[in-house]
Amino acid sequence: MKTEDHLRLCDACAGTTYCTAVIRRTDEEWRILLPPDVYRVARQAGTETPFSGIYADCHDEGVYVCACCGTHLFFSKDKFDSGTGWPSFARPVCPDNVEWHEDHSHGMVRTEVLCRRCSAHLGHVFDDGPLPDGTRYCMNSLSLSLITCEMHESDTNMAKSGRE
């Protein structure tokens with residue numbers, strides 16, 4: 001396999017990094033694998049209705065992972081109520097687990113957030129979040145799943161790149 005077929009991601013539960021393959025599936029394969037609402041949001045860059053998602057008002061502890069591939073994305077401790085109706089996070093578990101792309105859809109210029117492993121559309125990031133970073137990762141509940149795992153306090157500081 002080529003180098004670009006593999007990437008290094010952070011495991012939020014173990015507090016380590018690992019090497020894994022990029023997931024590339026056809027549109028038809030994703031359509032078969034995912035429920036229609038998840039497919040529409042995660043694979044077609046859709047948006048769920050504000051305040052409708054299961055994680056918009058969720059206060060459970062754990063790690064939010066990609067609904068398409070299970071990549072660890074956000075700690076519940078970094079979730080906050082932005083008043084927008086979508087789950088909002090101050091930062092990803094590790095910058096290496098997400099990608100950012102300029103999005104010109106709907107007559108706006110925004111920064112789209114994608115899962116780095118499978119390119120699922122997660123939502124958008126804005127610069128109106130809480131300090132110290134000032135970022136608000138405004139995500140779609142349909143693009144996420146919440147898991148629980150055994151974590152030690154020292155394992156939850158993965159904000160640095162896994163390459164550092």
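Visitor: By class, how many nonpolar, polar and charged residues has the lining of the largest pocket?
Guide: This is a predicted model, in which local features need pLDDT of at least 70 and side-chain atom pairs count only at pLDDT 80 or more, while totals for chains, interfaces and linings use all residues. Residues are numbered from 1 along each chain as its sequence is written, and side-chain values use heavy atoms, without hydrogens and water. Ala, Val, Leu, Ile, Met, Phe, Trp, Tyr, Cys and Pro count as nonpolar, Asp, Glu, Lys and Arg as charged, and the others, Gly among them, as polar. By these classes, the lining has six nonpolar, five polar and five charged residues.

Visitor: Which residues that line the largest pocket are the closest to its centre?
Guide: A pocket is an open set of points on a 1 Å grid over the protein atoms alone, where a 1.4 Å probe fits, with protein on both sides within 12 Å along at least five of seven lines; lining residues have an atom within 4 Å of a point. Grid points are joined across faces, edges and corners, and a volume is the space filled by probe spheres set on the points. The largest pocket holds about 210 Å³ of space. Of its 16 lining residues, the closest to the centre are Ala56, Asp57, His59, Lys79 and Asp81.

Visitor: In what order do the elements of the chain run from the N terminus on?
Guide: Helices (H or I, at least four residues) and strands (E, at least two) are DSSP runs, numbered from the N terminus. The chain has two helices and eleven strands. Their order is β-β-α-α-β-β-β-β-β-β-β-β-β.

Visitor: Which are the edge strands of the open sheet of six strands?
Guide: Two strands pair if DSSP finds at least two bridges between them. The pairing in this sheet is antiparallel, with the order β5-β6-β10-β9-β8-β7. Two of these strands pair on one side only, and these edge strands are β5 (79-80) and β7.

Visitor: Which residue in the turn between β7 and β8 has a positive phi?
Guide: Strand β7 (residues 98-103) runs antiparallel to β8, and six bridges join the two. Within this pairing, His101 stands opposite Glu112 of β8. The two strands form a hairpin with six residues between them, and the residue in the turn with a positive phi, about 60°, is His106.

Visitor: Which residue takes a positive phi in the hairpin of β8 and β9?
Guide: β8 and β9 run antiparallel and are joined by four bridges. Leu114 has His121 in β9 as its bridge partner, and Thr111 stands opposite Val125 of β9. Five residues lie between the strands of this hairpin, and the one with a positive phi, near 65°, is Ser119.

Visitor: How many residues of β8 are buried?
Guide: Buried means under 20% relative accessible area, exposed over 50%, and partly exposed in between (1.4 Å probe, protein chains only). Of the 164 residues of the chain, 45% count as buried. β8 is mostly covered, and of its six residues the number buried is five.

Visitor: Against which elements do the buried residues of α2 pack?
Guide: The buried residues of α2 are Val38, Tyr39, Val41 and Ala42. Just after this helix, Ala45 takes a positive phi of about 55°. The buried residues of α2 pack against α1 and β9.

Visitor: Is Ser76 buried or exposed?
Guide: Ser76 is found in the loop between β4 and β5. Contact means heavy atoms within 4.5 Å. Leaving aside neighbours within four places in sequence, Ser76 is in contact with Asp60, Glu61, Gly62 and Tyr64. Because its relative accessibility is 17%, Ser76 counts as buried.

Visitor: What separates the C-alpha atoms of Arg31 and Arg43?
Guide: Arg31 is found in helix α1 (residues 27-33). At 41% relative accessibility, Arg31 counts as partly exposed. Arg31 and Arg43 are twelve residues apart along the chain, and their C-alpha atoms are separated by 8.6 Å.
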